[in-house]
Amino acid sequence: MNKIKNNTFLLEIDNITVKYSSITALKDLSLYIKKGEMLSVIGANGAGKTTLLKTIAGALKPVKGDIRFEGFSIKQLRPDKIVKHGIVMVPEGRKIFPDLTVKENLELGGYTIKDRVLKKELFELVLKTFPRLKDRLKQHGGTLSGGEQQMLAMGRALMGNPRLLLLDEPSMGLSPIFTREIFSLIELIRKEKSISIIIVEQNAHMALEHSQRTYVLENGQITMEGLSSELKNNPKVIDAYLGV
Amino acid sequence: MEQISYILQQVVNGIQLGAVYALIALGYTMVYGVLRLINFAHGDVFMLGAFVAYFLISKFGLPVYLVFILTMVSCALVGYVIEKVAYKPLRDAPKISLLITAVGVSLFLEYFLSLKALFTPNYIPFPKPFEIETYDLSFFVITNVQLLIFIITFISLFILYLLIYKTRYGIAMRAVSYDKETASLMGVGIDGIISFTFIIGASLAGVGGILYGIAYPQINVFMGIMPGIKSFIAAVLGGIGIIHGAVVGGLIIGLCEVFVSAFLSSTFRDGVIFIILFAVLLFRPMGIFGKRIEKV
């Protein structure tokens, strides 16, 4: 790849292989995302979607290959340092801290933000984006419904002032109404805050609908990639992921 | 009337002992929270606190408040170093390796410090930092030592409460106790929080050591063993990993010990505490405040 092209990428994954002891979870995987883009990765259970996001977030380390964010290699960095660089993940199953209040969950999301003024701005922004959380600040995270927990998880991630947001199965366990609401909020975040987003989803329909480009992940390898609007009509994708 | 007064007196004495157990139990429970480790060396940090205070008072004649500050700093440092040297290299090792290492650190501290050139294995009288006075409150008597213990414990608990519930480090510590991976994905440096936890726990054990030295003025390198075990039982009784559980557990254990000594016989003092441990493990293993563990 030529250098000029590289500079336009926000994140670039170059031929990474990730293993769990002896099992290869991702093999020679390459991927990029442009600034302001919403990228979706679809695939079946166990295809390696969560592994991919955890590797970007630094919770797993690739045995080979490189991950560059804004031109800098981040593959050796610990997860907390990667958050400081501006990549924040919303984990699968939301992983809200149930014994912390909603406010404390949000404060934890802003753990890396030292600037008090910025922190307050982010807090206001989160409450503006997710007004449902406003009335629940003193409640424990565990008392929220699934959809509210997803909002809290996303709000918590936004508190870290990310430039790249990684969303792992945001629609999991949510009703269709809540799923639509969550996706429109994701759109809003991307457009208004110019935050780039990588979303992995089993709900391929929603993912293809809302993203610009899509990668199809099968057994730890990318088997298809392209514009979401085109993949949506690809017979193979329809057959395997959209289910008629 | 006399009987009531006697009981009240035992309550005061029990709280005095229980307060010290509570201070030690907090360290066990917080470290368990972040590492799932029973830090067996914790009782020895308590012992070290008593010895540091002993040197500061007898060799340097420092005022009481400075003794507290310097002892807490020394114990915090020791707690920090123990974690970095002994436990951190085992972060990904099986839990049993960590547990055995903790026992090793405990034995090392006890036997290394009992060298003749260091603390010696002998009992050493703990110097009086001030003259002991007794106040007669008609129903019971209270000494200035007991008042000091109550006040210092109260202040320590209050500061701890602020640290844990009102600072970002406290929120992060609670998050790490619940789920390390997710906490790190939120930007929390896990190693820093673990160090923070050891520092807080060791400082509280240091405070406990000074108070214990003042109240029971005989110190020895092995003095941390029994209070350590009893405080650990207190933490289990309250629900291991639960901060207010450690305080309540400590007070209950202290009161039980004093009441058994007063109404049964001091020979049964330690035995009863172990019976409490057995009973908790048999009938309510999650402790008083613990949530019921789901059966699989």
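Entry one. I started from the side chain of A:Asp66, which makes a polar contact with the side chain of A:Arg68 at 3.2 Å. This is a predicted model, so I read the distances as computed from it. A second polar contact, at 2.7 Å, joins the side chains of A:Asp66 and A:Ser73. I placed A:Asp66 in strand S4 of chain A, residues 64–69. Buried or exposed, I wondered about A:Asp66? It counts as buried, because its relative accessibility is 18% and the cut-off is under 20%. Leaving out residues up to four places away in sequence, I listed what A:Asp66 touches: A:Glu12, A:Ile13, A:Asp14, A:Ile16, A:Ser73 and A:Lys75.

Entry two. I stayed with A:Arg68 and found a salt bridge to A:Asp14, with the closest N and O atoms 3.5 Å apart. A:Arg68 is in strand S4 and A:Asp14 in strand S1 (residues 9–20), so the pair ties together parts of chain A that are 54 residues apart in sequence. A:Asp14 is partly exposed, at 31% relative accessible area.

Next I looked up a salt bridge between the side chains of A:Lys49 and A:Glu169, 3.8 Å from N to O. This one also links distant parts of the chain, 120 residues apart: A:Lys49 sits in helix H2, and A:Glu169 in the loop between strand S7 (164–168) and helix H7 (176–193). Both residues are buried. A:Asp80 and A:Arg78 meet in a salt bridge too, at 2.9 Å. Here A:Asp80 is buried at 4%, while A:Arg78 is partly exposed at 40%. Over all chains the search gives 27 salt bridges.

On to the interface: how much area do chain A and chain B bury between them? I get about 2,000 Å², with 63% of it on carbon and sulfur atoms. On the chain A side, A:Phe97, A:Leu108 and A:Tyr111 lose the most area, together 32% of what that side buries. The contact takes 25 residues from chain A and 20 residues from chain B. Three salt bridges cross it, including one between B:Lys291 and A:Asp99 at 3.3 Å. I also counted four residue pairs in polar contact between the two chains. Of the chain A elements, H4 gives the most to this side, with four residues. By class, the chain A side has 13 nonpolar, two polar and ten charged residues.

Conventions. Residues are numbered from 1 along each chain as its sequence is written. Chains are lettered from A and ligands numbered from 1 in the order in which they are written. This is a predicted model: local features need pLDDT of at least 70, side-chain atom pairs count only at pLDDT 80 or more; totals for chains, interfaces and linings use all residues. Side-chain values use heavy atoms; hydrogens and water are left out. Helices (H or I, at least four residues) and strands (E, at least two) are DSSP runs, numbered from the N terminus. Buried means under 20% relative accessible area, exposed over 50%, partly exposed in between (1.4 Å probe, protein chains only). A polar contact is a pair of N or O atoms within 3.5 Å; within protein, one must be able to donate a hydrogen and the other to accept it, and residues adjacent in sequence count only if both atoms are side-chain atoms. Contact means heavy atoms within 4.5 Å. Buried area is the accessible area (1.4 Å probe) that two parts lose on being put together, summed over both. A salt bridge is a side-chain nitrogen of Lys or Arg within 4 Å of a carboxyl oxygen of Asp or Glu. Ala, Val, Leu, Ile, Met, Phe, Trp, Tyr, Cys and Pro count as nonpolar, Asp, Glu, Lys and Arg as charged, and the others, Gly among them, as polar.
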